[in-house]
Amino acid sequence: MGQRIHFVVDPQGWCCMGLIIFIWLYNTIFIPKVILFPHYEDGNISVVAVLCYYFCSLFCIASLFRASVADPGKLPENPKIPITELEHWELCNKCNMMRPKRSHHCSRCGHCVRRMDHHCPWINNCVGEDNHWLFLQLCFYTQILSSYTLILDFCHYYYFLPLEKENWDMFVFRHELALLRISAFMGLIMLGGISRLFYTQLMGIFTDTTSIEKMSNCCEDISRPRKPWQQTFSEVFGTHWKILWFIPFRQRQPLRVPYHFANHV
């Protein structure tokens, strides 16, 4: 079953996501033009370094767009509830609809989401059961791309040999320092913010709790058995194959597990 497209009409979310796309586009254009290609032509770096940067950039923007338009786990208006699982459902006091336990109502989107972690304005979407894995990939590849950019900025001035600048584009030659300072500033901001968020997300998966559950203190630690971290990560990513946890170009298939361990309805 293909992944449903989910589009949130929220101008604030559009602005936040537009800022992220601008930062990605800025570094994808100027870092290769100012650092990668000139140093590759001078023999200071190999083609592998250039390809790795573009691969990181591709995986970052792919996970961003997929996390933004993916259905996070929106519940249908009239869900069919098996009698045997009725005890695992509850009534939402905001939309008056039945929903599985550990679901949450998003006031910004106006509906309930299965195992909702939080609403993220930076992807203009909720982070829920069906797109949590894409959000984790976005955080992971954003950290890699930001770190890679900062390393290149540092090496350009303090490690690589001086470049032959006669054939450079005049705009790049005149504004090289300003371009790289802006890039380094944005890289530091992104790396600092995303690293903290990524750490919080990882701890939530390790402990099998969402951000909302942590804030509301309703984790049901006594009634819900503690699972090994391999199981919780496999449920989030929809596969036991760890190599596939890093690939955004695939469809997630919910694992078939007992209901009290299940994330998918």
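**Starting from one residue**

Let's start at Q201, which touches D117, H118, H132, F135, L136 and S211, leaving out residues up to four places away in sequence. By touching I mean a contact, that is, heavy atoms within 4.5 Å. Q201 sits in helix α5, and with a relative accessibility of 3% it counts as buried. Buried here means under 20% relative accessible area, exposed means over 50%, and partly exposed is in between, with a 1.4 Å probe and protein chains only.

Before I go on, a word on what you're looking at. This is a predicted model, where local features need pLDDT of at least 70 and side-chain atom pairs count only at pLDDT 80 or more, while totals for chains, interfaces and linings use all residues. Residues are numbered from 1 along each chain as its sequence is written, and side-chain values use heavy atoms, with hydrogens and water left out.

**The overall picture**

So what does the secondary structure of the chain come to? Seven helices and six strands. Those are DSSP runs numbered from the N terminus: helices are H or I with at least four residues, strands are E with at least two. Reading from the N terminus, the order is α-α-β-β-β-β-β-β-α-α-α-α-α.

The chain has 265 residues, and 48% of them count as buried. If you take contacts between residues at least 6 apart in sequence, 65% of them join residues at least 24 apart. The accessible surface of the chain is about 14700 Å², and carbon and sulfur atoms account for 65% of that; these areas come from the Shrake-Rupley method with a 1.4 Å probe, and for residues only the protein chains shown count as cover.

**Helices and the record**

Back to α5 for a moment. This helix covers residues 176-207, so 32 residues by its record here, and it reaches 46 Å from first C-alpha to last, close to the 46 Å expected at 1.5 Å a residue. The expected span is 1.5 Å times one less than the number of residues.

UniProt, in an unreviewed entry, places the feature "transmembrane region" at residues 12-31, 43-65, 138-159 and 179-199. Those positions use the numbering we have here, feature names are shortened, and such annotations may be inferred rather than shown by experiment. In the model, residues 12-31 are 100% helix and 0% strand, with end C-alpha atoms 29 Å apart. For residues 43-65 the figures are 83% helix and 0% strand, and the ends lie 35 Å apart.

There's also a nonpolar patch on the surface, made of Y40, V47, V48, L51, F55, L58 and F249, with about 670 Å² of accessible area together. A patch is built from residues with over 30% relative accessible area and no salt bridge, joining nonpolar side chains (Val, Leu, Ile, Met, Phe, Trp, Tyr) within 5 Å and like charges within 9 Å. Helix α2, residues 47-69, gives the largest share of the patch, five residues, and V48 is in that helix.

**Charges**

Side chains of opposite charge can pair when their charged atoms come close. How many salt bridges does a search of the whole structure find? Ten, where a salt bridge is a side-chain nitrogen of Lys or Arg within 4 Å of a carboxyl oxygen of Asp or Glu.

E213 pairs with R102, with the closest N and O atoms 2.8 Å apart. E213 lies in helix α6 (residues 211-216) and R102 in the loop between β2 (98-100) and β3 (104-106), so the pair ties together parts that are 111 residues apart in sequence. Both partners, E213 and R102, are buried. K227 and E235 meet at 3.1 Å, N to O, and K227 and E235 are buried too. R102, R115, D208, E213, K227 and E235 are linked in a salt-bridge network.

E90 and R99 make another bridge, at 3.4 Å between the closest N and O atoms. Here E90 is partly exposed at 29%, whereas R99 is buried at 11%.

Most residues other than glycine have a negative phi. D208, in the loop between α5 and α6, has a positive phi near 60°; D208 is buried, with a relative accessible area of 2%. N96 also has a positive phi, near 55°. N96 is in the loop between β1 (89-91) and β2, and is exposed at 59%.
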